[in-house]
Amino acid sequence: MATYLITGSNRGIGLEFCRQLKERGDNVIATCRTPSPELEELGVRVESDVEVTSTDSILRLRQRLNEIKLDCLIQNAGIAEYNSLSTLDSKSILRQFEVNALSPLCFSQAMMSNMGKGSKIVLITSRMGSIEDNTSGSSYGYRMSKVALCMAGKSLSIDLKPKGISVGILHPGLVSTRMTSFTRQGISAEHSVKGLVGIIDSLNIKNSGTFWHSNGEILPW
Ligand SMILES: NC(=O)c1ccc[n+]([C@@H]2O[C@H](COP(=O)([O-])OP(=O)(O)OC[C@H]3O[C@@H](n4cnc5c(N)ncnc54)[C@H](OP(=O)(O)O)[C@@H]3O)[C@@H](O)[C@H]2O)c1
């Protein structure tokens, strides 16, 4: 039985991670700003008031966790605000950069004393953060923030190798959640998370720093 900490776990992909990991018998620490009834029903440990952009909030969480060893830290919390060239909004771009790129890096660093040899850090990024895969343009804030997250993940994988901590940079696919309510094309969170959990299980120090799709494909940077 391994211990997983998941951010943004009150809904969407984060909630589904909690459900599947709990179902297979793992220890789940579900962090969120405000718990949802669906999360509370799961019977996992819920840590609320965790705002990923707040250093104080993260330090308070670390105090509550005390010396608990984390086998896997899944940084899932994220936002998407669709800025086009004609609706460019620098505050929105900065907000997405802070939530999607800077916070997972700072959160990883803050949790370092709770991780050790064999621990895993998982960053939930997006294929929209692939420069090579960008054929449709626009979405400046979201794309720029997820490219930065991918870069943070790659550096973390190099810096943490000597400590035996591996890093997975994972794209969930287009998944039907509140974030993608503009389309009906998405796969279910259940299907996506099944694939993501399989990849996390196979994540190790040798394949650390790889950018994967939930379907197992390796994505270009
Ligand atoms: N859905 C997709 O197709 C798709 C595709 C590629 C990547 N992703 C990535 O997958 C991750 C999960 O997305 P989702 O589809 O499940 O979206 P979602 O349903 O909108 O859920 C987003 C989660 O992030 C949390 N969150 C946002 N800002 C936060 C903050 N400042 N502090 C703490 N928690 C915060 C939300 O909490 P609140 O309820 O408190 O707002 C919510 O739990 C994101 O990183 C997203 O970029 C999703």
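Predicted model: local features only at pLDDT ≥ 70, side-chain atom pairs only at ≥ 80, totals over all residues.
Residues are numbered from 1 along each chain as its sequence is written.

The protein has 6 helices and 7 strands; these are DSSP runs numbered from the N terminus, with helices being H or I of at least four residues and strands E of at least two. Starting at the N terminus, the order is β-α-β-α-β-α-β-α-β-α-β-α-β. The C-alpha trace spans about 50 × 40 × 35 Å along its principal axes. Of the contacts with a separation of 6 or more, 65% are between residues 24 or more positions apart, a contact being two C-beta atoms, placed from the backbone, within 7 Å.

Of the 221 residues, 40% count as buried. A residue is buried if 20 or more other C-beta atoms lie within 10 Å of its own, exposed if 12 or fewer, and partly exposed in between, with C-beta atoms placed from the backbone. Helix 1 is mostly covered, with 9 of its 12 residues buried; among them are Ile13, Leu15, Phe17 and Leu21, as well as Glu16 and Arg19. Its buried residues pack against strand 1 (3-6), strand 2 (27-31), helix 2 (37-42), strand 4 (72-75), strand 5 (120-124) and helix 6 (189-202). After helix 1 comes Gly25, with a positive phi near 100 degrees.

The largest nonpolar core has 50 residues, and those with the most contacts inside it include Cys18, Val28, Leu73 and Val122. Such a core is a set of buried Ala, Val, Leu, Ile, Met, Phe, Trp, Tyr and Cys residues joined through C-beta atoms within 7 Å. Beyond its neighbours within four places in sequence, Val122 is in contact with Cys72, Leu73, Ile74, Gln75, Gly168, Leu170 and Ile200.

The ligand is surrounded by 29 residues, the closest being Gly8, Gly12, Gly78, Thr177 and Met179; a residue is near a molecule if its C-beta atom, placed from the backbone, lies within 6 Å of it. Helix 1 (residues 12-23) gives the most to this shell, with 3 residues.
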